[in-house]
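Please find my notes on the model below. They are meant to be read with the structure open.

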Amino acid sequence: MEYGDLICERYSVRKFSSQKVEQEKVAAILEAGRTAPTAVNYQPQRILVLDSEDSLEKLKSVTPYHFHAPLAILVCYDAAVSWKRSYDGKDMGEVDASIVATHMMLAATNLGLGSTWVGHFDPDKIKTAFALPENIIPVALFPMGYPAETSVPHANHGKRFDLGVTTFRNSF
Ligand SMILES: Cc1cc2nc3c(=O)[nH]c(=O)nc-3n(C[C@H](O)[C@H](O)[C@H](O)COP(=O)(O)O)c2cc1C
C-alpha cells in the first residue's frame, strides 16, 4: 500500500476473526521492527510473539484488552542495553521500543491485518506471567489478527486536532 493510504487506512482493530495469522506474515512484521532506527543503534527492543493457546490465556490474566485476538506481540526493551542520555540520564529504551512498535503496527496493516496499540496492562503481572527478567521492560502490546467482518473504527478514530493546535513554527 502507498504510505499515505497506509497511515489513513490504519485504525485500532478491537474485533478479530478467529483466522490464524500465517507465520510468513508474522516474520514480515518482525522484520519491519528490525529495520527501525534506535538510539546509537543499540537495538534494545525485545519482542515476545504470543500465539500459543497457553500464552494467549496468560495474556487474558494481565489485561482486559486482549480482544480475543489469535496473536499478540509484546514489545519490550532491555534497560541493561538501551542508551541513557548523559545530560539527564534519560533512558531512550521506551522511545526505541515505540519506534519499533510503530514500524510493526503499520507493517501489520499493510499485510491486511489489524491491531491495537495497548498500553493498559499491569507490567508486573506481565513480567511474572511471561517470566521476564527485571531489566526487560514491557512497553506496548498488540493483539493482532484479521479484522472481524463487523470491525469498524471507533468514533474517536477520525478525531484529530488541526495542525494549528499541535504545531509551532519558530515559536512556542
Ligand atoms: C500509547 C498508546 C496506548 C494505548 N492503549 C490502549 C489500550 O490500553 N486499550 C485500547 O483499547 N486502546 C489503546 N490505545 C489505542 C488508542 O485509543 C487509539 O489509537 C486512539 O483512540 C486513536 O484511534 P485509532 O487508533 O483508531 O486512530 C492506545 C494507543 C496508544 C498510542
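Predicted model: local features only at pLDDT ≥ 70, side-chain atom pairs only at ≥ 80, totals over all residues.

The points below go from the overall fold to the sheet, the helix packing and the ligand.

1. Overall size. The chain has 172 residues, for which a compact globule would have a radius of gyration near 16 Å; the value for the chain is 17 Å, which agrees. Taken along the principal axes, the C-alpha atoms fill a box of roughly 50 × 40 × 30 Å.

2. Order of elements. Six helices and four strands make up the secondary structure of the chain. Read from the N terminus, the elements run α-α-β-α-β-α-β-α-β-α.

3. Strands of a sheet pair through backbone hydrogen bonds, either parallel or antiparallel. Here four strands form an open sheet in the order 1-2-4-3, and the pairing is antiparallel. Strand 1 (45-50) and strand 3 (114-115) are the edge strands, each pairing on one side only.

4. Strands 1 and 2. How many bridges join strand 1 to strand 2? There are six, and the two strands run antiparallel, with strand 2 covering residues 71-78. Within strand 2, alanine 72 is the residue that stands opposite leucine 50.

5. Helix packing. Two packed helices are described by the angle between their axes and the distance between the axes. For helix 2 (residues 23-34) and helix 4 (residues 93-110), the angle is about 145° and the axes are 7 Å apart. The crossing of helix 2 and helix 4 is right-handed. Helix 2 contributes Ala28, Ile29, Ala32 and Gly33 to the contact, while helix 4 contributes Val100, His103, Met104, Ala107 and Ala108. Sorted by class, this contact has seven nonpolar and two polar residues, and no charged ones.

6. The ligand. Which residues come nearest to the ligand? Of the 13 residues around the ligand, these are Tyr11, Ser12, Gly119, His120 and His157. The shell around the ligand has seven polar residues, five nonpolar residues and one charged residue.

Definitions and conventions: Residues numbered from 1 in each chain as written. Near = placed C-beta within 6 Å. Nonpolar A, V, L, I, M, F, W, Y, C, P; charged D, E, K, R; others polar. Axes fitted to C-alpha atoms, helices over the stretch in contact; angles between N-to-C directions. Left-handed = near helix turned anticlockwise from the far one by under 90°. Contact = placed C-beta atoms within 7 Å. Pairing = 2+ DSSP bridges. Rg over C-alpha atoms; globule rule 2.2 N^0.38 Å.
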